[in-house]
Amino acid sequence: MKRSSGIAYVRAAFALAGVLAAVPVGRAVAAEAPPSVFLIDGSGSMWGTFATEKIAKVYAIRDSLRLLLTKASPQSRIGLASFGHRRKGDCGDVELMIPPEAGSVERIGAALDKFNPKGKGPIALALKEVARAIGPGAPGTITLIHDGPDNCQQDVCATAGEIAKSNPKLAIHVLSLALEAADAARVSCAATQTGGQTFVANDQATAMSALEQIFALSELGSEAAPQVSAPVSSEPTANVAQGPPGLRLTAALANGGPALQTPVQW
């Protein structure tokens, strides 16, 4: 019986190894979050106030963004861009200030503290440059925050159409601040042509609410980044015991033979 017990031990060891190898193991792999860039109007009119409030629009947006960024997921790839913020009267003044990448929240906050609107409003050029930085075909979002139409004689709607063709997975959200309906409509096409959403805010509270919705649409919340299960074996596993967690062994005297019903010691 000692020899049989030894054989049973060897069989059990190989059987256990086979079972462990066949059990599916779902290995969670964090998917890289799509980039999301906030494109803020840097034209001089951003120092103006809302009709019913004394706070400058640039401060209202800065404070709202800084609060929401503290709640963003650490995996979120967030960037910051602007136009008209460096030079007066320059329709080529567009800058990707902070590239969209994880861990950028503090740098964005520091850039917002120094943000000083002063120039023109080349919206079309800015959208084109940010879309180019994200890359053709790459998914992502651009959030345009502005308080006026493009005043550099560029067609925002035509530019949005080009972006929709070269970046079909890129959505543009538009937040217009204290704009007349006609002026807002001249820029809202950027959202409608790319599958984004349009918001109009006439006070800080409404602007904050719009940004909260945009953060949700762009999946920038504090929840963990989406998880993707790695491919696992689809082979069935035979003789897997059911019940509470634990290690259960079976032994057989021949490969593929019936499991022994009597206790086996080794």
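Let's start with two helices, H2 and H7. In this predicted model, helix H2 covers residues 57-69 and helix H7 covers residues 204-217. They pack at an angle of about 40 degrees. Their axes lie 10 Å apart. The crossing of H2 and H7 is right-handed.

Who touches whom? From H2, the contact residues are Ala60, Ile61, Asp63, Ser64, Leu65, Leu67, Leu68 and Leu69. From H7, they are Gln204, Ala207, Met208, Leu211, Glu212 and Phe215. Sort the H2 and H7 contact by class and you get 10 nonpolar, two polar and two charged residues.

Now follow H2 into the sheet. H2 belongs to a β-α-β unit with S2 and S3. That unit is right-handed.

On to the sheet itself. How many strands form it? Six, and the sheet is open. Read across, the order is S4-S3-S2-S5-S6-S7. The pairing is mixed. At the edges stand S4, residues 94-101, and S7, residues 198-201. Each has a single partner strand, so one side of each has no neighbour in the sheet. From one strand to the next, the twist averages 15 degrees.

A quick reminder on sheets. Strands pair through backbone hydrogen bonds, and the pairing can be parallel or antiparallel.

Let's zoom in on S2, residues 35-41. In the sheet order, S2 sits between S3 and S5. Take the S3 side. S3 spans residues 77-83. S2 and S3 run parallel, joined by seven bridges.

Now the S5 side. S5 is residues 140-146. S2 and S5 also pair in the parallel sense, over five bridges. Look for Ile40 here, opposite Ile145 in S5.

Next point: is S2 buried or exposed? Buried, in seven of its seven residues. So S2 is largely enclosed by the rest of the structure.

Think about faces for a moment. In a regular strand, side chains alternate between the two faces of the sheet. In S2, both faces are covered. One side carries Pro35, Val37, Leu39 and Asp41. The other carries Ser36, Phe38 and Ile40. All of these are buried, Asp41 and Ser36 included.

Conventions: Residues numbered from 1 in each chain as written. Predicted model: local features only at pLDDT ≥ 70, side-chain atom pairs only at ≥ 80, totals over all residues. Heavy atoms only, no water. Pairing = 2+ DSSP bridges. Helix = DSSP H or I, 4+ residues; strand = E, 2+ residues; numbered from the N terminus. Axes fitted to C-alpha atoms, helices over the stretch in contact; angles between N-to-C directions. Left-handed = near helix turned anticlockwise from the far one by under 90°. Contact = heavy atoms within 4.5 Å. Nonpolar A, V, L, I, M, F, W, Y, C, P; charged D, E, K, R; others polar. Buried < 20%, exposed > 50% of the residue type's maximum accessible area, 1.4 Å probe, protein only. Right-handed = clockwise from strand over helix to strand, strands pointing away.
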